[in-house]
Amino acid sequence: MTHAPKADHRTNRLLAALEPDDFALLEPHLDIVDLKRGQVLYEMGDIVHHAYFPHDAIISLVNVMEDGSTVEVCVFGREGVLGLLSALVTREAFGRYIVQFSGAASRIAYERLNDVRMPARICDS
């Protein structure tokens with residue numbers, strides 16, 4: 001009998017590259033999700049609620065043209081994160097994020113990521 005390997009957030013190379021202290025701040029807020037081929041994570045203009053760190057899934061950012069055709073703008077795999085830049089700039093998706101190859105990803109709510117990114121500052125008086 002074979003067992004599937006346990007999913008690990010550090011399968012994503014960006015998460016794996018974080019210093020241990022930085023990763024420790026994120027880890028409690030990361031969930032592993034399964035993404036299915038054809039699944040649309042965001043449409044153009046959707047509010048971005050999560051950032052995704054793909055493990056073995058591949059996600060494309062495509063722009064939909066006026067005639068309905070699409071053009072691929074970017075591809076995300078285990079080396080990066082998607083949704084983060086959109087969330088930081090406008091909180092709106094830059095285009096359609098669609099899963100091209102099924103697999104797992106670590107996901108974090110934008111609010112949790114922002115809390116970790118911008119920790120409360122304590123001022124000395």
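Is glutamate 111 buried, partly exposed or exposed? Glutamate 111 counts as partly exposed, with a relative accessibility of 35%. A few friendly notes on this predicted model follow.

1. Glutamate 111 forms a salt bridge with arginine 91, at 3.5 Å from N to O. Because glutamate 111 sits in helix 4 and arginine 91 in the loop between helix 3 (84–89) and strand 6, the pair ties together parts 20 residues apart in sequence. Arginine 91 is partly exposed as well, at a relative accessible area of 24%.

2. The whole structure holds 3 salt bridges. Another of them joins arginine 96 to glutamate 43, with the closest N and O atoms 2.9 Å apart. This pair links distant parts of the chain, 53 residues apart: arginine 96 is in strand 6, and glutamate 43 is in the loop between strand 2 (40–42) and strand 3 (50–54).

3. Aspartate 115 and arginine 112 also meet in a salt bridge, at 2.8 Å from N to O. Both lie in helix 4, 3 residues apart, or about one turn of the helix.

4. Do look at strand 4 (residues 58–64), which pairs with strand 6 (residues 96–101) in the antiparallel sense over 5 bridges; leucine 61 stands opposite tyrosine 97 there. Strand 4 also pairs with strand 5 (residues 70–76), again antiparallel, over 6 bridges. In the hairpin of strands 4 and 5, glycine 68 takes a positive phi near 95°.

5. The largest pocket has a volume of about 210 Å³. Helix 1 (13–17), helix 2 (20–26) and helix 4 (110–117) each give two or more residues to its lining. That lining comprises 10 nonpolar, no polar and 2 charged residues, with Phe53 and Arg117 among them.

Key:
Residues numbered from 1 in each chain as written. Predicted model: local features only at pLDDT ≥ 70, side-chain atom pairs only at ≥ 80, totals over all residues. Heavy atoms only, no water. 1 Å grid on protein atoms, 1.4 Å probe; cavity = no way out; pocket = protein on both sides within 12 Å on 5 of 7 lines; lining within 4 Å. Points joined across faces, edges and corners; volume = space filled by probe spheres on them. Helix = DSSP H or I, 4+ residues; strand = E, 2+ residues; numbered from the N terminus. Nonpolar A, V, L, I, M, F, W, Y, C, P; charged D, E, K, R; others polar. Pairing = 2+ DSSP bridges. Salt bridge = Lys/Arg side-chain N within 4 Å of Asp/Glu carboxyl O. Buried < 20%, exposed > 50% of the residue type's maximum accessible area, 1.4 Å probe, protein only.
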